[in-house]
Amino acid sequence: MRRAAAAGSGTGDLRVLGIETSCDETAASVVLRRPDGVGEALSNVVRSQWEEHRPFGGVVPEIAARAHVECLDGIIAKALTDASLSLSDLDAVAVTAGPGLIGGLLVGVTTAQTLALVHGLALIAVNHLEAHALTVGLTEGLKPPYVLLLVSGGHTQILVVEDVGRYRRLGSTIDDALGEAFDKTAKLLGLGFPGGPAVERAASSGREGRFSLPRPMQGRPEPNFSFAGLKTAVRHQAQALVPLHEQDIADLCADFQAAVADAVADRIARALAIASETLEPGKGRHLVVAGGVAANKRLRDRLKAAAQTAGYTLHVPPPALCTDNAAMVAWAGAERLARGLSDDPLTVTARARWPLDPDALPVLGSGRQGAKA
Ligand code: KG4
Ligand code: ZN
């Protein structure tokens, strides 16, 4: 990381192109950041690769990387056209440099390096998790400090966002990410991919209370998560019922969602109590939920109640900016650039693992560090 020259530390408007290729969405966006810190997405183009991965029931890294190569140029061109800007109008290009699938990351990082060098733009290597963490600054002008629950297909963690670039992890999953638990549950029940929306749809015609499912980690002092046991419990209940009828699947989904909502609300209540001990009185009493699973209404309703009980206000970015997108990457880049931070285009590297809080200790029992932890 280096201090940026005039463009970055200047006081004028900043126009930043964001590029996102860390998983199965190819995305580009141009964001405007005004000197008063207010932001606006001038364009936001996302191409999802679900169709390519659907036959395999999950994301295949090689297929993802190839799909990014094939369409990234066109996605960037569309983002510029939609924003009515050309590359020469930009101050910087921001790219997700990690954590994520290394093949896809390399496609984005190499493209961004080339654009920065050829067009004389500043380059900002953005941590994908930081991009999720700062999205509320773009969508509703909320500035740190606040507490963040990040729940996606690859990540499940609770952080105190102390400032741009300063994060304190309070808790994390010791096994599956929450989105992964939704996806695996959907798969074992024969529902589609991605699983989260499919489980939510099925649950809408189900009744809660038919199955007894665990609330993992409930009451534990550390606000960590575990979802592997819950997923296994669903499998056992499903196996006992084979052949499954549509109503069985709907009821199982409803009880799975209820168990997830209870478990996450319990962990969040614990995390908010811990956060309140260190946050200044009256400051930072905001709970921000980001990542694809934030789209789940049952979970959101439960979190709203948990936040209220703890004296916090719940904030959830609109669904299009909760799931992976490049506007959040451009915005994180703009926030860094406004603080005079940018990177050397010649030395930037893609990182499969890149924890937001480098001081956080590994979670006991965690098999995976980095992307999921
Ligand atoms: O943030 P995201 O788009 O990509 C990353 O994983 O980074 O999140 C995708 C995840 C998937 O696991 C998907 O099943 C889950 O978010 N998801 C949902 C819902 N919509 C998406 N999970 C539960 N309920 C939903 N409505
Ligand atoms: Zn994400």
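**Entry 1: a salt-bridge network**

I began with R339, which forms a salt bridge with E335, and the closest N and O atoms are 3.6 Å apart. For my notes, a salt bridge is a side-chain nitrogen of Lys or Arg within 4 Å of a carboxyl oxygen of Asp or Glu. I am working with a predicted model, where local features need pLDDT of at least 70, side-chain atom pairs count only at pLDDT 80 or more, and totals for chains, interfaces and linings use all residues. Residues are numbered from 1 along each chain as its sequence is written, chains are lettered from A and ligands numbered from 1 in the order in which they are written, and side-chain values use heavy atoms, leaving out hydrogens and water.

The cut-offs I noted are under 20% relative accessible area for buried, over 50% for exposed and partly exposed in between, with a 1.4 Å probe and protein chains only. I then followed the shared partners: salt bridges join R33, K143, E335 and R339 into one network.

**Entry 2: other salt bridges**

How many salt bridges does a search of the whole structure find? My note says 22. One of the pairs I looked up is D248 with R210, whose side chains meet at 2.7 Å, N to O. D248 lies in helix α9 and R210 in the loop between α7 and α8, so this pair ties together parts that are 38 residues apart in sequence. Helices here are DSSP runs (H or I, at least four residues; strands are E, at least two), numbered from the N terminus. D248 is buried at 9% relative accessibility, and R210 is partly exposed at 38%.

I also checked R168 and E162, whose side chains form a salt bridge at 2.8 Å, N to O. R168 is partly exposed at 25% relative accessibility, and E162 is partly exposed too, at 26%.

**Entry 3: helix packing**

A reminder to myself: two packed helices are described by the angle between their axes and the distance between the axes. The axes are lines fitted to C-alpha atoms, for helices over the stretch in contact, and angles run from 0 to 180 degrees between N-to-C directions.

The axes of α8 (residues 228–241) and α9 (residues 246–278) come within 11 Å and cross at roughly 160°. That makes α8 roughly antiparallel to α9. My cut-offs are under 35 degrees for roughly parallel, over 145 for roughly antiparallel, 65 to 115 for roughly perpendicular, and oblique for the rest.

Next I looked at α6 and α8, which pack at an angle of about 15° with their axes 10 Å apart. These helices are therefore roughly parallel to each other. I logged a right-handed crossing for α8 and α9, and a right-handed one for α6 and α8. A crossing is right-handed if the near helix is turned clockwise from the far one by less than a right angle, and left-handed if anticlockwise.

**Entry 4: a loop residue**

L191 sits in the loop between α6 (178–188) and α7 (195–203). L191 is partly exposed, with a relative accessible area of 26%. I took its C-alpha separation from P216, 25 residues apart along the chain, and got 24 Å.
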